[in-house]
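The following exercises are to be worked with the sequence and the model at hand. Each task is followed by a solution in steps.

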Amino acid sequence: MRALVMTAAGGSENSQVQEIDAPRPGPGEVTIDVAYAGLNFVDVMARRGDGGYTAAWPHLPGKEVSGTVRELGEGVTGLAVGDRVVAAPVGGGLAEVAIAAAVLTVPVPDGVPLREAAAVPLGLATAMLLLGDAGRFAAGDTVLVHSAGGGIGHAIAQLVPLLGGGRLIGTVGRPEKAAAAVEAGYDHAFARDADLLDAVREATGGKGVDLVLDPLGTEALDLDLDLAAHGGRIVLFGNAGGGALDALPPLGRLMADNLTVTGFSHRAMAAGDPARLGRAIRRVLDLLAGGGLDLPVTELAGLEAVPAAHDAMQERRALGKYVVRVSG
Ligand SMILES: NC(=O)c1ccc[n+]([C@@H]2O[C@H](COP(=O)([O-])OP(=O)(O)OC[C@H]3O[C@@H](n4cnc5c(N)ncnc54)[C@H](OP(=O)(O)O)[C@@H]3O)[C@@H](O)[C@H]2O)c1
């Protein structure tokens with residue numbers, strides 16, 4: 001089968017489509033003929049060589065796919081060969097055949113296109129879990145999202161109205177990305193510069209925000225604490241810069257305003273509580289089937305186009321969600 005293979009830490013010069021053996025499922029696993037695969041920043045972090053994102057080279061990237069069940073491993077029930085599914089593989093999703101745990105392989109409801117479904121197992125499911133499980137979002141909350149112009153940023157903008165609605169403030173690394181964030185559903189979008197705190201205070205009438213969703217490691221944490229309203233929640237869910245992380249804030253700073261700082265990791269939930277992640281994937285698929293959720297995706301024509309799209313993500317030029325058509 002054809003698969004995207006990352007051969008060493010670096011950039012697109014070390015990413016090639018290669019012919020490798022197709023995986024076979026072990027007990028509790030499923031293989032999938034991949035129709036579409038989603039692109040995610042975690043693959044860029046692995047490609048850069050960030051600590052903890054790849055165990056060894058060559059590395060097979062790709063952590064969300066849609067397609068049809070190819071083969072069932074021993075003990076798998078509730079799925080059949082040929083079923084339309086999405087899945088969250090540990091890796092190797094940017095390939096013609098992917099392997100995933102059955103608990104993280106979920107049937108796609110009739111009427112939901114596999115192209116859009118490919119954005120569910122990692123991207124949209126993470127957005128749902130950030131808002132619900134980690135962020136305790138309640139209707140009417142003001143939510144601030146850093147890097148609002150990317151795949152996760154757009155997914156959050158789609159989900160908030162479906163969860164009762166709220167006020168959405170996005171931040172972007174470059175001012176020219178602000179318009180796209182507003183188009184994606186943000187009420188306000190601001191560049192992350194020295195004026196951000198004042199801009200957010202003005203937009204919230206001085207109150208601050210109820211929920212901050214922050215994938216920037218700890219570089220913006222001090223600002224997040226200043227941006228949060230009384231009782232605010234801050235969810236840290238990434239380290240886009242890949243640098244060293246600072247200590248968490250002192251207890252006194254949290255107690256002074258009843259603030260919560262929480263971590264979230266899709267990978268940790270896939271390993272530690274996969275049934276919970278599976279339920280989030282199902283819930284988002286049901287929203288897609290109901291017609292209320294519409295996440296626009298940019299389709300790449302084949303695996304060969306992926307390294308350049310990873311470049312755009314790494315160089316902070318990417319806008320919205322990318323999926324690649326693998327076959328079919
Ligand atoms: N914890 C989890 O389970 C989980 C799951 C999915 C995604 N994430 C995180 O959520 C973020 C968004 O993911 P995505 O897949 O939707 O990617 P994306 O937003 O489409 O692309 C990554 C964005 O990160 C921002 N960024 C900030 N600092 C950066 C840096 N030093 N180098 C490169 N980019 C930087 C850039 O936007 P701006 O310049 O506008 O800030 C860039 O466009 C990523 O940080 C990812 O790791 C975490």
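**Exercise 1.** Over the ring of which residue does the charged end of R267 sit?

*Solution.* The structure is a predicted model, in which local features need pLDDT of at least 70 and side-chain atom pairs count only at pLDDT 80 or more, while totals for chains, interfaces and linings use all residues. Residues are numbered from 1 along each chain as its sequence is written, and side-chain values use heavy atoms, with hydrogens and water left out.

Step 1. The criterion for a charge over a ring is that NZ of Lys or CZ of Arg is within 6 Å of the ring centre and within 35 degrees of the ring normal.

Step 2. The ring is that of Y53, and the charged end of R267 is 5.1 Å from its centre.

**Exercise 2.** Determine the strand order of the open sheet of 6 strands, and identify the strands at its edges.

*Solution.* Step 1. Strands (E, at least two residues) and helices (H or I, at least four) are DSSP runs, numbered from the N terminus. Two strands pair if DSSP finds at least two bridges between them.

Step 1. The order is β10-β9-β8-β11-β12-β13, and the pairing is parallel.

Step 2. The edges are β10 (188–191) and β13 (260–263); each has a single partner strand, so one side of each has no neighbour in the sheet. From one strand to the next, the twist averages 20 degrees.

Step 3. Strand β8 (residues 142–146) can now be followed to its partners. With β11 (residues 209–214) it pairs in the parallel sense over 3 bridges, and V143 has L211 as its bridge partner there.

Step 4. In β9, 5 of the 6 residues are buried, where buried means under 20% relative accessible area, exposed over 50%, and partly exposed in between (1.4 Å probe, protein chains only).

**Exercise 3.** Which residues of helix α1 are buried, and what covers them?

*Solution.* Step 1. In α1 (residues 41–48), the buried residues are D43, V44, M45, A46 and R47.

Step 1. Their cover includes β1 (2–6), β2 (15–19) and α11 (306–314).

Step 2. Just after α1, G49 adopts a positive phi of about 90 degrees.

**Exercise 4.** Is V323 buried or exposed, and which residues does V323 touch?

*Solution.* Step 1. V323 belongs to strand β15 (residues 321–325). Its relative accessibility is 0%, and V323 therefore counts as buried.

Step 1. Leaving out residues up to four places away in sequence, V323 touches Y36, A37, G38, L39, R115, A118, A119, V297, T298, E299 and L300.

Step 2. One of these, Y36, is 287 residues from V323 in sequence, yet the two C-alpha atoms are 6.5 Å apart.

Step 3. A309 of helix α11 may be treated likewise. A309 counts as buried because its relative accessibility is 7%. A309 and L39 are 270 residues apart in sequence and 8.3 Å apart in space, C-alpha to C-alpha.

**Exercise 5.** Describe the backbone at P58, S147 and R316.

*Solution.* Step 1. The W57 to P58 peptide bond is cis, with omega near 0 degrees; P58 is in the loop between α1 and β4 (65–72).

Step 1. S147, in the loop between β8 and α4, is not a glycine but has a positive phi, near 55 degrees. At 29% relative accessibility, S147 counts as partly exposed.

Step 2. R316, in the loop between α11 and β15, also has a positive phi, about 65 degrees, without being a glycine. R316 counts as partly exposed, at 48% relative accessibility.

Conventions:
Axes are lines fitted to C-alpha atoms, for helices over the stretch in contact, and angles run from 0 to 180 degrees between N-to-C directions. Contact means heavy atoms within 4.5 Å.
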